[in-house]
Amino acid sequence: MRFAELSGNEPIVKAMAGMVDSGRVPHAIMLHENNGGGGFGLAMAFLQYLYCSSRSDGDSCGVCPNCNKISKFIHPDIRFAFPVVLSGSSGSTVSPSEAFWGDFRTLALENPRFTEQELYAAFGFEGKKPVISVAEANALLLSLSIYSLEGGYSSVVILFPEKMNLSASNKLLKMLEEPPAKTLFLLITHEPEKLLPTIVSRCQMFRVASPLVSDAASYDDSGMLASLMDALIARDLMTALSVGEQLAALPSRESAKGFCRYAAEKLRRVFLYQQGLAQLSEDDAEASGWALSLNPRFSRMTLGILDRTVQLIDRNVNLKILFTDLVNGMYINI
Ligand SMILES: [Zn+2]
């Protein structure tokens with residue numbers, strides 16, 4: 001995939017091309033996207049630019065052997081890790097995701113903007129809890145210790161790194177702390193708050209804009225979130241609950257979900273401000289203000305509640321109950 005095939009995200013494309021042009025490619029890059037929001041396509045276009053043997057005008061050529069292999073997901077120096085449901089013994093160095101590689105490639109070729117759920121559906125994992133295990137991390141470590149087959153960078157693309165269990169996270173952290181020369185990690189996440197902060201802080205972070213962000217922000221409810229946050233920060237539960245009632249009276253279930261997505265986006269920004277990692281998001285004075293007043297757990301806990309709220313909205317649970325629970329849950333964590 002060439003940069004030209006992507007839409008939007010010009011500032012990120014420019015920054016990424018600049019890193020390659022100046023020879024200053026960081027060891028680890030994190031693309032924070034909305035679920036299915038184009039982080040994977042950006043990662044692949046970036047890799048194609050990095051490996052391309054005849055770059056021009058800030059883009060890959062799309063036809064050289066490296067571009068060709070990358071566009072088919074068969075470049076030997078680029079490996080992928082993604083969550084899978086484990087079967088058999090763990091602790092080995094056989095990559096558990098290997099068995100799903102064919103399905104992964106088919107999906108990635110057909111629809112590079114797949115969501116986490118679409119990935120699991122392609123693997124037949126509905127209703128299960130896929131993880132990135134320590135066996136996967138071991139397999140990556142082993143593959144990185146083998147010299148790049150084509151003499152350039154060895155790269156690892158990790159999809160949904162928040163699905164790493166703790167031992168896998170610690171393995172990855174070690175790799176990020178002492179990266180072998182000419183290795184590149186590309187992490188694509190829509191839930192950076194679920195990662196170890198020490199992993200996030202070792203990555204060059206990019207916030208990938210997607211149509212969903214502008215959709216969510218265009219909901220006429222930014223004032224409602226602000227009223228809710230003001231009441232919570234003032235520890236005024238009665239006012240917070242009355243905002244909850246207004247939310248329950250939003251015109252449709254879709255707009256209720258729109259509010260949840262908008263609130264999640266804002267709280268992720270709060271989280272990133274609190275971690276000191278928001279330098280590449282566009283400035284958000286409101287979120288940076290909230291970051292100062294909120295304890296570090298608040299965003300993480302509330303994002304979990306918002307996730308659940310969206311699922312329950314889909315299951316037709318009464319909105320008044322859902323938003324009362326949401327407000328109460330936020331209040332407890334304030
Ligand atoms: Zn090329």
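These are my notebook entries on a few things I looked up in this structure, which is a predicted model.

**Entry 1: the domains.** I started with the domain assignment, which gives domain 1 (3-209) and domain 2 (213-333). Their C-alpha centres lie 30 Å apart. I then looked at the contact, and it takes 10 residues from domain 1 and 11 residues from domain 2. On the domain 1 side, helix H8 (197-200) and strand E5 (204-207) each supply at least two residues.

Entry 2: Next I traced the strands. I found 5 of them in an open sheet, in the order E2-E3-E4-E1-E5, with parallel pairing. E2 and E5 each have a single partner strand, so they stand at the edges with one side left without a neighbour in the sheet. From one strand to the next, the twist averages 15°. I zoomed in on one pair: E3 and strand E4 (residues 183-189) run parallel and are joined by 6 bridges. Val157 stands opposite Leu186 in E4.

**Entry 3: helix H6.** How far apart should the ends of H6 be? The helix has 12 residues (134-145), and at 1.5 Å a residue it should span 16 Å; the end C-alpha atoms are 16 Å apart, which agrees. I then listed its buried residues: Val134, Ala135, Glu136, Ala137, Ala139 and Leu140. What covers them includes strand E2 (78-81), strand E3 (154-159) and helix H7 (166-177).

Methods: Residues are numbered from 1 along each chain as its sequence is written. This is a predicted model: local features need pLDDT of at least 70, side-chain atom pairs count only at pLDDT 80 or more; totals for chains, interfaces and linings use all residues. Helices (H or I, at least four residues) and strands (E, at least two) are DSSP runs, numbered from the N terminus. The expected span of a helix is 1.5 Å times one less than its number of residues. A residue is buried if 20 or more other C-beta atoms lie within 10 Å of its own, exposed if 12 or fewer, and partly exposed in between; C-beta atoms are placed from the backbone. Two residues are in contact if their C-beta atoms, placed from the backbone, lie within 7 Å. Domain bounds come from an automatic or database domain assignment. Two strands pair if DSSP finds at least two bridges between them. Axes are lines fitted to C-alpha atoms, for helices over the stretch in contact, and angles run from 0 to 180 degrees between N-to-C directions.
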